[in-house]
Every structure is written in C-alpha cells, then in structure tokens.
Amino acid sequence: MSTLNVAVIGVGLVGKEFLNQLAFVGASDLSSRRIRLIYASNSKRALREDSKGLDPASCSQRLADGEGEEVALAELPRLLESTIVDRHRTVIVDNTSSDYVASLYPAFLQKGFDVITPNKKAFSSSLKLYNDIIFASRFKEGGKYLNESTVGAGLPIIATLRDLVASGDEVIKIEGVLSGTLSYIFNEYSTPLGEGPSFSSIVAQAREKGYTEPHPGDDLNGADVARKLTILSRMIPSLRSHLPEGYKSVSITSLVPDALASVTSGDEFVARLPEYDAEFEKLREEAKKEGKVLRYVGVIDVQAKVVKAALEKYPANHAFATSLQGSDNIIAFHTKRYSPRPMIVQGAGAGAAVTAMGIMSDLLKLL
Ligand SMILES: NC(=O)C1=CN([C@@H]2O[C@H](COP(=O)(O)OP(=O)(O)OC[C@H]3O[C@@H](n4cnc5c(N)ncnc54)[C@H](OP(=O)(O)O)[C@@H]3O)[C@@H](O)[C@H]2O)C=CC1
Ligand SMILES: N[C@@H](CC=O)C(=O)O
Ligand code: NA
C-alpha cells in the first residue's frame, strides 16, 4: 500500500479543522497507514517529521504553544523539500489566504507535489499565475491541483462545472448566491418584514461563526464573490482568458463604506462598522417599500461575456428570499442540457467544518 505524505501550511480556523478531520480519517480503516502528516506550519513556525509522521490532532496546539522551528517565509520551498525525504507522493495543503504561498504553486507542481487548497488567490488573481499553474500541472511528472473548497466550501461546485464542461455540455449562465457571509448577513438583515438587528451586529455574528475571510472587508467589498466568479469563469473554455486581472476585472458592487476601505485590521474594521448602520438601514427601507429583500448575487453570462457581483432586490416570494438560511449558497447552472430548468446546488457555503470537508474530499480523491 503506498503512502501519501501531507504537508499542511496554515493551521487557523480551517486548517485546524482539517487536521481534526485528518486525524479521524487517518484512524479509520479507509486509509490506515496510507496518510502521513510530515509538516504543519503557521506563518511563523513549522513542525516537521520525516519517518513516523506527526499527530494531526495536536499540531495546532503545539504551534500555538511556540513549538517547532522558526520559519522565514522565503525559506518555505527549501524547508518543504528538505522535509520530503522519501519518494512517496506528497501533497501540499495550503490553508492560508496568502498571495505569497499561492505564488509558489507552479514551482510546487513542477517538482511533482500535488496542491490542495481552499485559498482562492492563485486561481483568481492574474491570468499569468493561473496559466503557469495549468502549465505546470500538465507536465508528465507534474503534480495535480484540487481546489473544490475555493467555491461554495464543501459543496460540489468545481466538480460539477468540470463534469459539465468535460462531458461536452455548453454553459449558458451561472448565477446565484456565492458568499456564505453575505448570504448570512442578508438572510438575517433583509427579511420580508424589513426590520431587525443592525447591519454591523450581523457582520460581527458572521465573523464569530467563522464565515468571513480573515479580513471581513474582503467579503463586504465583493472581492470574495468576484474571486469565485473568476475561478468558475476560467473553467469555461470561452471565458478562459476573459478576466486578465482576475477578480479585479469583474464588475463589483462594494458594500464597504469609503472611509473604511483602507482599514487593514479586521478588528478595527468591525469595530468601526456601526458608524455606518444608518446607510445600510436606508437600503433595507427602500427594499421593504417595494415589497422586496436584498441579496448579494454573482452572475456569469457566458454569451454576453458579462461577469458581475452585485447587490440586488428580489420579490419576497423569490427563491433567494424564501429558501436560503444561515450561510447557504445557491448556485444555478443554466446549460444547453439543463434547460429550461437549471441544475441547482444549494447548502452551507462557509464555515470551518464544511470547508475542511471539501479539502478532505479532494485528498481522498487523490488517494
Ligand atoms: N472560512 C470559510 O468558511 C472558508 C475559508 N476559505 C479559505 O480558507 C483559507 C483559510 O481561512 P481561515 O482558516 O479562516 O484563515 P485564518 O486566518 O484563520 O488562518 C490562516 C492560517 O494561515 C497561516 N498563514 C498565513 N499566512 C501564511 C504564510 N505566508 N505562510 C504560512 N502560514 C501562513 C496563519 O498563521 P498565523 O496564525 O501565524 O497568522 C494561520 O495559521 C482562506 O484562504 C479562506 O479564503 C475557503 C472557503 C470557506
Ligand atoms: N468568506 C467566504 C468563505 C468561503 O469561501 C464566504 O463567506 O463565502
Ligand atoms: Na466547493
């Protein structure tokens, strides 16, 4: 039975839960003796093991306690390589939201390491980085990349679109609610009654529940939805090169007040948001007067080549108003085969447990 080495970069909210699931899977009959954790790091320290493997369940606490060696970020590729002492297949699991780690994927793949990640950065930034990743993953000896959790967390969105395209279906339009955070916020904030808690208090709740990006401004400014739309667009042959600057090329409605746009600390951002509750109250009132609710949606219109992330109003009896709860995502695939009724995928689209499940399902696919 061959062994799969696993190197984990990032043991935050999602990374820690992934390690818990790895401990569970490693202990089950399914894969006993086949998965070996050889590396786990946060942004400052790394734990390494070259023979028996690390205990996944204790890594995050050990790093929090200051165990492990100090890591300079530029040393990451060398450190990983020197950790991998045998010829077993090695997968790097990137649980950060780091642009730097994302920029290393082409090199990792070229060296034959597989990459699994919920980090959207590599697939939604410049077209050059994306092309480098695709190129490196096509080498005969190159690694594979799997990124199901980048869109809809554990929901099968990437796999579904890949299967539709690979089987020769023609995608006409993809639309839906693609942000768990913005879904939660507007499901709670903008109900048909048009009243309820303040906007800022619901944003704080979404953060506590683990739905937001490390900086919640990245959800509210529409960038997270635009990144997901970029990832999906690039999987559709006719839109492959349509967004040269990635998410920056998407038409975006930002919900971040101008005065908070340059706040780099997530804590400060959330602390100052109540100053702008009255502005959001106006939006809620307007929608209520029209008998509508607010929902933040993403659209990819393949024929018109329009990709947009926007705040829209929907009638109170629309599916986006009645059928979404919590952090639900809902994504409709309109295709030549799925027409006139689209294929719909719906369910929790954010949170550590469901995101880690998507990463783990990618790992099990590799096995
Ligand atoms: N939360 C969710 O529902 C979902 C999240 N995701 C994605 O999952 C990823 C992780 O999110 P989350 O767990 O909430 O983030 P956290 O901020 O909780 O954790 C990030 C982890 O990455 C580490 N890290 C950051 N930069 C580097 C670096 N350059 N090198 C090594 N380690 C680094 C951090 O270390 P330190 O603690 O030292 O800073 C920390 O351990 C993100 O890309 C996010 O977009 C995707 C789908 C859903
Ligand atoms: N912050 C994101 C997490 C998943 O990608 C979201 O709210 O959807
Ligand atoms: Na997914």
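Residues are numbered from 1 along each chain as its sequence is written, while chains are lettered from A and ligands numbered from 1 in the order in which they are written. In this predicted model, local features need pLDDT of at least 70 and side-chain atom pairs count only at pLDDT 80 or more, whereas totals for chains, interfaces and linings use all residues.

The chain is divided into domain 1 (4-151 + 353-365) and domain 2 (158-349), with bounds that come from an automatic or database domain assignment. The C-alpha centres of the two domains lie 28 Å apart. Across the boundary, 14 residues of domain 1 are in contact with 18 residues of domain 2, two residues being in contact if their C-beta atoms, placed from the backbone, lie within 7 Å. On the side of domain 1 that touches domain 2, helix H6 (121-124) and helix H7 (127-137) each supply at least two residues. Helices (H or I, at least four residues) and strands (E, at least two) are DSSP runs, numbered from the N terminus. This side of domain 1 has 6 nonpolar, 6 polar and 2 charged residues; Ala, Val, Leu, Ile, Met, Phe, Trp, Tyr, Cys and Pro count as nonpolar, Asp, Glu, Lys and Arg as charged, and the others, Gly among them, as polar.

An open sheet of 7 strands has the order S4-S3-S2-S1-S5-S6-S7, and its pairing is mixed. Two strands pair if DSSP finds at least two bridges between them. Strand S4 (69-70) and strand S7 (145-146) are the edge strands, each pairing on one side only. Strand S6 (residues 114-116) runs parallel to S7, to which 2 bridges join it; Ile 116 has Leu 146 in S7 as its bridge partner. Helix H2 (residues 56-64) lies across strand S2 (35-41) and strand S3 (45-48), at about 150° to S3. For such angles, axes are lines fitted to C-alpha atoms, for helices over the stretch in contact, and angles run from 0 to 180 degrees between N-to-C directions.

Another open sheet is formed by 6 strands in the order S9-S11-S10-S8-S12-S13, again with mixed pairing. Strand S9 (251-252) and strand S13 (343-348) stand at the edges with a single partner strand each, so one side of each is left without a neighbour in the sheet. Strand S12 (residues 328-335) pairs with S13 in the antiparallel sense over 6 bridges, and Ile 331 stands opposite Val 345 in S13. Helix H9 (residues 180-189) lies across strand S8 (171-177), strand S10 (292-301), S12 and S13, running at about 155° to S10.

Ligand 1 is surrounded by 31 residues, of which the closest are Gly 10, Gly 12, Val 14, Ser 43 and Ser 97; a residue is near a molecule or strand if its C-beta atom, placed from the backbone, lies within 6 Å of it. Helix H1 (13-27) and helix H4 (99-103) are the elements that give two or more residues to this shell, and the largest share, 3 residues, comes from H1. By class, the shell around ligand 1 has 12 nonpolar, 16 polar and 3 charged residues, and at least three residues are drawn from each of domain 1 and domain 2. The shell around ligand 2 includes Ser 179, Gly 180, Thr 181, Asp 219 and Asp 224, and its residues divide into 3 nonpolar, 5 polar and 3 charged.
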